[in-house]
Amino acid sequence: MKLELRGITKRFGTFAANEDVDLVVESGQVHTLLGENGAGKSTLMNVLFGLYDPTEGEILLDDEPVAFAGPGEAMRAGIGMVHQHFMLVPVFTVAENVALGDEYTKAAGVLDLEATRSRIREISDQYGFHVDPDAIVEDLPVGVQQRVEIIKALVRDARILILDEPTAVLTPQETDELLNIIRQLRADGTAIVFISHKLREVKAISDTITVLRRGRVVGTADPSAEASELAALMVGRDVVLNRQKT
Ligand code: ADP
Ligand code: MG
Ligand code: MG
């Protein structure tokens with residue numbers, strides 16, 4: 001699968017959260033969106049997921065233009081999104097959360113609970129999630145709750161998985177476990193959009209890096225680039241140089 005965003009601009013009133021953004025994401029690749037808070041990463045992914053209409057630009061799936069009226073349509077096209085803030089019901093089991101979905105995933109329909117329990121077991125074994133479908137969500141460590149969010153997308157057959165700052169509240173060990181899961185999904189042909197501003201993990205997991213600053217693509221980088229180079233792209237070279245002086 002190949003996903004292409006072409007010339008995406010998203011304005012809120014006169015403010016452009018995204019300006020003429022191009023991005024290509026392919027199966028079996030981790031494409032990182034790197035950018036500081038407010039750079040426009042989530043807005044771009046919300047456009048892709050059908051939550052916002054782009055002001056300008058187009059989305060192509062396997063070279064065919066598509067337009068998603070909402071997350072339900074995006075999911076039916078194979079796009080899954082894990083938002084930065086978990087959308088789980090703490091007192092429900094994992095399987096109940098996955099089957100019911102959240103305010104976005106439910107647009108693709110509620111799933112059969114028994115079938116979902118078996119699917120969770122399959123996915124858990126296949127990718128090393130170590131998630132018990134009958135566990136109560138609030139009893140689980142944050143790192144496992146994060147995996148439940150990913151499972152919510154996988155049971156709905158996501159082939160393009162957007163992970164919006166998935167490590168924001170994880171411990172370093174939970175982060176490493178998540179990176180391993182991402183590697184397995186990639187090996188299985190999933191296309192992954194990984195959003196982060198943590199350079200260590202970005203260097204560890206990315207195949208390609210697109211850097212956004214103030215809504216615009218300011219560069220692409222190779223994961224072997226020095227962290228200082230990535231930082232300079234992300235926040236602006238003058239800012240990095242000034243920081244180094246102090
Ligand atoms: P990031 O995910 O990179 O931190 P966002 O995409 O959330 O950045 O936000 C980019 C910019 O767009 C920010 O300045 C934010 O305040 C603004 N923004 C995001 N959503 C809206 C909205 N619904 N209305 C107005 N401004 C918004
Ligand atoms: Mg353009
Ligand atoms: Mg964001």
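User: Which residue is the bridge partner of Arg-6 in S4?

Analyst: The partner of Arg-6 is Glu-58. Strand S1 (residues 2-12) and strand S4 (residues 56-61) pair in the antiparallel sense over five bridges. This is a predicted model, in which local features need pLDDT of at least 70 and side-chain atom pairs count only at pLDDT 80 or more, while totals for chains, interfaces and linings use all residues. Residues are numbered from 1 along each chain as its sequence is written, chains are lettered from A and ligands numbered from 1 in the order in which they are written, and side-chain values use heavy atoms, with hydrogens and water left out.

User: What makes S2 and S5 edge strands?

Analyst: Strand S2 (15-26) and strand S5 (64-66) each pair on one side only. The open sheet has four strands in the order S2-S1-S4-S5, with antiparallel pairing. From one strand to the next the twist averages 30 degrees. Helix H1 (residues 41-48) packs on this sheet and touches S1, S2 and S4, a contact being heavy atoms within 4.5 Å.

User: Why is Thr-210 called buried?

Analyst: Its relative accessibility is 3%, so Thr-210 counts as buried. Thr-210 lies in strand S9 (residues 208-213). Leaving aside neighbours within four places in sequence, Thr-210 is in contact with residues including Leu-23, His-31, Leu-33 and Val-217.

User: How do you know that the span of H6 agrees with its number of residues?

Analyst: The expected span of a helix is 1.5 Å times one less than its number of residues. Helix H6 (residues 172-187) has 16 residues and should span 22 Å; its end C-alpha atoms are 23 Å apart, which agrees. Gly-189, which follows H6, has a positive phi near 95 degrees.

User: Why are the buried residues of H6 said to line one face?

Analyst: Seen down the axis of H6, the buried residues fall within an arc of 165 degrees, so they line one face of the helix. The arc is that of the directions from the helix axis to the C-beta atoms. Among these buried residues are Leu-178, Leu-179, Ile-182 and Leu-185. The face turned away from the buried side carries the exposed residues Gln-173 and Ala-187.

User: What covers the buried residues of H6?

Analyst: The cover includes strand S3 (30-34), H4, H5, S7, strand S8 (191-196) and helix H7 (199-205).

Conventions. Pairing = 2+ DSSP bridges. Helix = DSSP H or I, 4+ residues; strand = E, 2+ residues; numbered from the N terminus. Axes fitted to C-alpha atoms, helices over the stretch in contact; angles between N-to-C directions. Buried < 20%, exposed > 50% of the residue type's maximum accessible area, 1.4 Å probe, protein only.
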